[in-house]
Amino acid sequence: MNKPKVAILGFGLLGRVTALMLHDKAHLNVYEASDEHASNSAGALAAAMLAPLAESVICEADLAQLGLQSMAMWPSLLAKLPDPVFFQQAGTLVVAHTQDKGDLNSFSQRLKPLEGHTAYTVGSAQIHDLEPELEGRFHQGLYLSCEGQLDNLAFYRSSFAYLQNSDVQFNFNHQIELSTTPSEPVLIDGHQFDWVIDCRGLGAQTESSDLRGVRGEVARVYAPEVELNRPVRLMHPRYPIYIAPKPNHEFVIGATEIESQDNGPITVRSTLELLSAAYTVHSGFAEARVMAMNAGLRPAFSDNRPRVERNGNVIRINGLYRHGYLLAPAVVSEALSKGLL
């Protein structure tokens, strides 16, 4: 049987997941507006936490449940890659300083139930068992045992290397605009494709009137004096943060979100708040080396839910908001079921 010719627009997180799921079933051409690193894409800047229970506080229960199912798809995707990519499912520890107990209680009350999973209240002894280096700093918290994370930068590197050796054709620094009434087969730069998968994120904003960017800001630091076993979230009334430990004593420190489409560099205030809050979690961050301070925009629709649309032989996947790594495998699988798989 002849394999279909498929064009993937965008080589960020969604483009990579789509290519990994399709490369042995189709002839793939990838078009990316920037270079092979796609370093400004949301997936390159993210902490890549897989947090369905924590995220249930700000999303509908069905999305949180979908995230739980999607998490289970990551190990088989990563197993395809030639270089190991750090993947962990050791849960998340949520803590708060004594004066911020109300914020921790509010967070706990807003958690939605997930099938077979719950949040466990922990005190000083359990916090010590989970994270010995936090002993004495926190006396109250929650343990979300079902959650995990992966190393997004390693995933970006390894997925590109693998797809390069899988006869995928890449077209970098190549901006594509789609017709709102695509022909069949679809024409791109004079080439015919049986299918087009649009994974451009905010690159598709001119064609999606209700697509917006939601700003996120992160620091990546090297902190050899800090040892954390899993992501830690700090509840705080002004600047709640997360700290995601990556291999080789690297940590991604981030805040939740800023409702702004400003894509400029991270501000001094955000830098001070992120790093100061991390220091209150573990004093070892005082001697950390700042490797990068980044700000970027996540693509989101007005309802903050992902959207899969088919128009002829063009399938659009967009709007994963702050749930990119959590939802990507399941959402891409759903999209490909609309005709390709």
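This is a predicted model: local features need pLDDT of at least 70, side-chain atom pairs count only at pLDDT 80 or more; totals for chains, interfaces and linings use all residues.
In helix 10, the buried residues are G324, Y325, L326, L327, A328, P329, A330, V331, V332, A335 and L336. Buried here means under 20% relative accessible area, with exposed set at over 50% and partly exposed in between, using a 1.4 Å probe and protein chains only. Helices are DSSP runs of H or I with at least four residues, strands are runs of E with at least two, and both are numbered from the N terminus.

Residues are numbered from 1 along each chain as its sequence is written, and side-chain values use heavy atoms, leaving out hydrogens and water.

To return to helix 10: 11 of its 13 residues are buried, so this helix is largely enclosed by the rest of the structure. Helix 10 covers residues 324-336 and reaches 17 Å from first C-alpha to last, close to the expected 18 Å; the expected span is 1.5 Å times one less than the number of residues. A kink of about 25° is centred on A330, the bend being the angle between axes fitted to the seven residues ending there and the seven starting there.

What does helix 10 contribute to the largest nonpolar core? That core has 65 residues, and V6, V17, W74, F155, I197, I317 and Y325 have the most contacts inside it. Helix 10 supplies the largest share, 8 residues. A nonpolar core is a set of buried Ala, Val, Leu, Ile, Met, Phe, Trp, Tyr and Cys residues joined through side-chain atoms within 4.5 Å. Another core, of 27 residues, lies apart from it, with V95, L134, A223 and I266 among them.

Three strands form an open, antiparallel sheet in the order 3-8-4, where pairing requires at least two DSSP bridges between two strands. Strand 3 (49-50) and strand 4 (87-88) are the edges, each pairing on one side only. Strand 3 pairs with strand 8 (residues 148-150) over 2 bridges, and M49 stands opposite Q149.

Finally, the cysteines. The structure holds 0 disulfides, a disulfide being a pair of cysteine sulfur atoms within 2.5 Å. C59 counts as buried because its relative accessibility is 7%.
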